[in-house]
Number of protein chains: 2
Amino acid sequence: MTDRDTTLRLDPRYDPAGLITAVVTDRSGALLMVAHMNAEALAATQRSGEATFWSRSRGRLWKKGETSGHVLTVVEMRIDCDQDALWLICDPAGPACHTGAPSCFYRRVEGDSLVRVA
Amino acid sequence: MTDRDTTLRLDPRYDPAGLITAVVTDRSGALLMVAHMNAEALAATQRSGEATFWSRSRGRLWKKGETSGHVLTVVEMRIDCDQDALWLICDPAGPACHTGAPSCFYRRVEGDSLVRVA
């Protein structure tokens, strides 16, 4: 175990691109989405209380819901043992997925096939 | 939207290192851990029904619990819209975290401090 595993000081372990994985669930534990944060996105999330990520495709900060209005209000944030992943428990203002599904994880894997479940 | 967003065919979008993010919860929705899979780990997981990852630190396949016995039996697997993240709903045989905590996410983030919650 390293110091990061046990410390009570926030010390995110960013990857070489400066990113940390952010997993979003609602209060019921439904997995809504997985995205990435850099230090600026984490600071913005903590400051505003609304989930803000680093969009790798757009190359810029991205407040979830900035256009759709489907913001994610952060109820609680946790970090994992080696501090390279965040868990955001959120109240979603609308569907989390850009497809309109409540969760991005709306397909179950069955062998090589996917089955729509939401 | 791309074809990956809507297809009913499994078509994982591996990153340049050949990896996809794998998020593990239990049936209650508690987030247990976040790890990575390559195609071989995904195939082994599907074949065995027990969560198997690619360990970036060890540079090899890693069946969770191979030494501790704390295997993760997969109840259901889902994939997200752009197919770069998997959600494994699992029955854990023991603590998911190498620190002995039930979940790797055992600390809440409070500003720059962490508060142990499990």
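Across all chains of this predicted model, a search of the whole structure finds 21 salt bridges. Side chains of opposite charge can pair when their charged atoms come close. One of these pairs joins A:R56 to B:D84, with the closest N and O atoms 3.5 Å apart. This pair crosses between chains: A:R56 sits in the loop between β3 (52-55) and β4 (60-63) of chain A, and B:D84 sits in the loop between β5 (72-79) and β6 (85-92) of chain B. A:R56 has 48% relative accessibility, so it counts as partly exposed. B:D84 has a relative accessible area of 15% and is therefore buried.

How many salt bridges does the rule find across the interface of chain B and chain A? The number is 2. B:R56 forms a salt bridge with A:D84, and here the closest N and O atoms are 3.5 Å apart. This bridge belongs to a network of salt bridges that links A:R13, A:D82, A:D84 and B:R56.

Other salt bridges lie within chain A. A:R78 pairs with A:E76, and their closest N and O atoms are 2.8 Å apart. A:R78 is buried because its relative accessibility is 17%. A:E76, at 19% relative accessibility, also counts as buried, since the cut-off for that word is under 20%. A:R108 forms a salt bridge with A:E110, the closest N and O atoms being 2.7 Å apart. A:R108 has 26% relative accessibility, so it counts as partly exposed. A:E110 is partly exposed as well, because its relative accessible area is 38%.

The next topic is the contact between the chains. The size of an interface is often given as the accessible area lost when the parts come together. Chain B and chain A bury about 3700 Å² between them, and 60% of this area is on carbon and sulfur atoms. Three residues, B:F105, B:R107 and B:L114, supply 18% of the area that chain B buries against chain A, which is more than any other three residues supply. The contact takes 43 residues from chain A and 43 residues from chain B.

In chain A, β7(A) and strand β8 (residues 113-116) run antiparallel and are joined by 4 bridges. A:V109 stands opposite A:L114 in β8(A). With 2 residues between them, β7(A) and β8(A) form a hairpin, and A:G111 in the turn has a positive phi of about 65°.

How many disulfides does a search of the whole structure find? Over all chains, the search finds 0 disulfides. B:C81 is in no disulfide, and the nearest cysteine sulfur, that of A:C97, is 3.8 Å away. B:C81 is buried because its relative accessibility is 6%. B:C104 is likewise in no disulfide, the nearest cysteine sulfur being that of A:C81, 3.8 Å away. B:C104 has a relative accessible area of 7%, so it is buried.

A:C104 is found in the loop between β6 (85-92) and β7 (107-110) of chain A. Is A:C104 buried or exposed? A:C104 is buried, because its relative accessible area is 7%. Not counting residues up to four places away in sequence, A:C104 touches residues of chain A, namely A:L32, A:M33, A:A96 and A:C97, and residues of chain B, namely B:I79, B:D80 and B:C81. A:C104 and A:L31 are 73 residues apart in sequence, while their C-alpha atoms are 8.0 Å apart in space.

Conventions: Residues are numbered from 1 along each chain as its sequence is written. Chains are lettered from A and ligands numbered from 1 in the order in which they are written. This is a predicted model: local features need pLDDT of at least 70, side-chain atom pairs count only at pLDDT 80 or more; totals for chains, interfaces and linings use all residues. Side-chain values use heavy atoms; hydrogens and water are left out. A disulfide is a pair of cysteine sulfur atoms within 2.5 Å. Buried means under 20% relative accessible area, exposed over 50%, partly exposed in between (1.4 Å probe, protein chains only). Contact means heavy atoms within 4.5 Å. Buried area is the accessible area (1.4 Å probe) that two parts lose on being put together, summed over both. A salt bridge is a side-chain nitrogen of Lys or Arg within 4 Å of a carboxyl oxygen of Asp or Glu. Two strands pair if DSSP finds at least two bridges between them.
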